[in-house]
Amino acid sequence: MDTNTKKNQQDFGKNPQSIRRTDHYKAEYVHSFVEKWDELIDWDARASSEGEFFIEELRRRGARKILDVATGTGFHSIRLLKAGFEVVSADGSPEMLAKAFATGREHGFILRTVQADWRWLNRDVHGKFDAVICLGNSFTHLFNEHDRRKALAEFYAVLRHDGILVLDQRNYDAILDEGFKSKHTYYYCGENVRAEPEYVDEGLARFRYEFNDGSNFHLNMFPLRKDYTRRLMFEVGFQTIRTIGDFEETYHQADPDFFIHLAEKRYGNEPEKIAR
């Protein structure tokens, strides 16, 4: 058992409440885990699985200036730059931002990176954006409802009057109600990598990531239910919310690995609605 695993298990056993803090993710994304993150994702496989979905959604709305608030190792920031968008790349983890910047240079781009806490996003990120993207199941790092509301309000505030928030999440409804059964078809595409929950209750989903070299890591996340996330978006001010499952407009609740929410900020006389 590696040192990181021992420490993680000790922290979970001795002080389980400590991992249910919004700030705990900073301790989880250690350098060794960040270096392996792209093995978990497999950029080529993920690009193939999601196709041009996000690019087409943004182009259809005439979006040009994009804020990637969960940059990670830079996958979506770099894809959007290649597609011609103007991108600002933010993340709360300095390790992730450093990796993203280095990867951007490998692809011929100098990423505009900003280390920012979502709860005070507008303090560190300036200007207005046509779209905010929060992908990679990142919103699940917020354990406190007040933090979730504050972060969504910050996303809303940084958007132009007709902007859109694109936010994804695991299908925690299925995990909580029926148990875990991932197809790994769209998001975590890496071979010889296992990403499965080690512990789940209504307030915690503790995932274990095992790599083929024997190393393993943990991430502790809040299991967001789909309708709860949608309700928070609506209450913060987003006026139309459309949710799809694994890039499909129609789906059965238990089928998708992930949900994608497209929440629009727009002013007008149309009635507010939460689209299914």
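Analyst: A point on confidence comes first: this is a predicted model, and over residues 1-10 the pLDDT stays under 50, although the model has 15 contacts beyond four places in sequence for that stretch. Residues 24-30 also have a pLDDT below 50, with 21 contacts in the model beyond near neighbours in sequence.

User: Why is the pair E57 and R60 called a salt bridge?

Analyst: The criterion is a side-chain nitrogen of Lys or Arg within 4 Å of a carboxyl oxygen of Asp or Glu. The closest N and O atoms of E57 and R60 are 2.9 Å apart, so the pair meets the cut-off of 4 Å. Both residues belong to helix α5 (residues 53-60), where a spacing of three residues separates them by about one helical turn.

User: Which residues are joined with E57 and R60 into one network?

Analyst: Salt bridges that share partners link E57 and R60 with R61, R242 and E264. A search of the whole structure finds 22 salt bridges.

User: What makes R112 and E86 a salt bridge, and which strands hold them?

Analyst: Their closest N and O atoms are 3.1 Å apart, and the limit is 4 Å, so the pair qualifies. R112 lies in strand β3 (residues 112-115) and E86 in strand β2 (residues 86-91), so the pair ties together parts that are 26 residues apart in sequence. R112, at 45% relative accessibility, is partly exposed, and E86, at 38%, is also partly exposed.

User: How do you know that K150 and E154 pair, and is each of them buried or partly exposed?

Analyst: The closest N and O atoms of K150 and E154 are 2.9 Å apart, which forms a salt bridge. The two lie four residues apart in helix α9, about one turn of the helix. K150 has 27% relative accessibility and counts as partly exposed; E154 has 13% and counts as buried, because the cut-off is 20%.

User: What makes helix α6 mostly covered?

Analyst: Seven of the eight residues of helix α6 (residues 75-82) are buried. They are F75, H76, S77, I78, R79, L80 and L81. Just after α6, G84 takes a positive phi of about 100 degrees.

User: Which residues touch the most other members of the largest nonpolar core?

Analyst: That core has 43 residues, and L67, W118, F139, F155 and L165 touch the most other members. Beyond its neighbours within four places in sequence, F155 contacts V69, W118, L121, V132, C134, F139 and L165. A second, separate core has 22 residues, among them L80, I133, L135 and V166.

Definitions and conventions. Residues are numbered from 1 along each chain as its sequence is written. This is a predicted model: local features need pLDDT of at least 70, side-chain atom pairs count only at pLDDT 80 or more; totals for chains, interfaces and linings use all residues. Side-chain values use heavy atoms; hydrogens and water are left out. Buried means under 20% relative accessible area, exposed over 50%, partly exposed in between (1.4 Å probe, protein chains only). A nonpolar core is a set of buried Ala, Val, Leu, Ile, Met, Phe, Trp, Tyr and Cys residues joined through side-chain atoms within 4.5 Å. Contact means heavy atoms within 4.5 Å. pLDDT is the predictor's confidence in each residue, from 0 to 100.
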